[in-house]
Amino acid sequence: MAEIRTIGVVGLGAMGAGIAQLAVEAGYDVVGREVSAELGERAAATIGRFLSRKVEKGQLGEADRDAAVARLALTTDLEALAACDIVIEAIVEELEPKRRLFADLDRICRPDAVLATNTSALSVTEIAAATARPQRVVGMHFFNPAPLMPLVEVVRAELSAAEAADAAALVGERMGKRVVRCHDTPGFVVNRVLIPLLNDCVRVLDEARVTPEALDTAMENGAGWPMGPCTLVDLVGIDVHVHAAEALYEKLREPRMAPPPRLVAMKNAGLLGRKSGRGFYRYDG
């Protein structure tokens, strides 16, 4: 397996920028691709701000921060990813855009490059099927926020080569993550367990006639959760949770996977949690 030195990140939204930050901090050269220069520069500024905050907290030296920032190159051209050893996709969580992107990456990148998707709920096997070399496609599921959450799920699709999964796992470990390997199944490990559990929690809100504060208090103090379910869904994003739950329900047809009507109504009303300023709770700033 060739040494991985350069990582491409496609999509520099919240997840992609976090993955790019982890990569430059780990010493990799990174090519970050966004659809516009403005979006790319915004992501670079966000990465620089978070790294500067680590300097202020004494977690990172100024020279190390400057070196990390210098390892990030921005582009709007997919062809600029041609020399990357691994490309991690973090675009919109929809199957067809991901399949089109992987078909393009399959054409552009070297035959031995690893192509990884950060999908949280879609089939890695279906994404890989859009390429001529599905053996080099794997899932590499980071959790939000990527720089802080310690887990990465490395997912082998039906035709993924062991070498591709090994390469993704090594990258995750070098980024300081705990790596859990699994095979392609709806929701992988964490979301397969967590999404129906959170759905149950939301249904209990109405059935037990409790407030979000009371439910969070119950789960934190009765079940030992570090964060209550309503706070967690607000943090993840209600639209993100609903989308993932719908994807799991489509694959499995298990009633517990389907998003509760209350969450669907909140999503439709624009009550998305922290990012919109209001979900189960209100957020200032």
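This is a short tour of a predicted model, one selection at a time.

**Stop 1**

**Stop 2: the names in the record**

Now select residues 6–184. UniProt, in an unreviewed entry, lists this span as "domain: 3-hydroxyacyl-CoA dehydrogenase NAD binding". In the model, residues 6–184 are 41% helix and 22% strand.

Move on to residues 187–283. For these, the unreviewed UniProt entry gives "domain: 3-hydroxyacyl-CoA dehydrogenase C-terminal". Residues 187–283 are 62% helix and 0% strand, and their end C-alpha atoms are 29 Å apart.

**Stop 3**

Five residues from domain 1 and five residues from domain 2 take part in the contact. The size of an interface is often given as the accessible area lost when the parts come together. Here domain 1 and domain 2 bury about 440 Å² between them, and 56% of that area is on carbon and sulfur atoms.

Which side chains meet in a salt bridge here? Select Lys251 and Glu126: their side chains form a salt bridge, at 2.3 Å from N to O. The count of salt bridges between domain 1 and domain 2 is one. On the side of domain 1 that touches domain 2, there are one nonpolar, one polar and three charged residues. Two residue pairs are in polar contact between the domains.

**Stop 4**

The structure as a whole holds 19 salt bridges. To see one of them, select Arg133 and Asp106, whose closest N and O atoms are 3.6 Å apart. Arg133 is in the loop between α5 (124–128) and β6 (137–142), and Asp106 is in helix α4 (residues 95–108), so this pair ties together parts that are 27 residues apart in sequence. Side chains of opposite charge can pair when their charged atoms come close.

**Stop 3: two spots in the backbone**

Most residues other than glycine have a negative phi, and most peptide bonds are trans. The last two selections are exceptions.

Select Asn144 and Pro145. A cis peptide bond joins Asn144 to Pro145, with omega at about 0°. Pro145 sits in the loop between β6 and β7 (151–156).

Finally, select Phe188. Is its phi positive or negative? The phi of Phe188 is positive, near 55°, in a residue other than glycine. Phe188 is found in the loop between β8 (178–183) and α7 (190–207).

Terms used:
Residues are numbered from 1 along each chain as its sequence is written. This is a predicted model: local features need pLDDT of at least 70, side-chain atom pairs count only at pLDDT 80 or more; totals for chains, interfaces and linings use all residues. Side-chain values use heavy atoms; hydrogens and water are left out. Contact means heavy atoms within 4.5 Å. Buried area is the accessible area (1.4 Å probe) that two parts lose on being put together, summed over both. A salt bridge is a side-chain nitrogen of Lys or Arg within 4 Å of a carboxyl oxygen of Asp or Glu. A polar contact is a pair of N or O atoms within 3.5 Å; within protein, one must be able to donate a hydrogen and the other to accept it, and residues adjacent in sequence count only if both atoms are side-chain atoms. Ala, Val, Leu, Ile, Met, Phe, Trp, Tyr, Cys and Pro count as nonpolar, Asp, Glu, Lys and Arg as charged, and the others, Gly among them, as polar. UniProt positions are given in the numbering used here, feature names are shortened, and annotations may be inferred rather than shown by experiment. Helices (H or I, at least four residues) and strands (E, at least two) are DSSP runs, numbered from the N terminus.
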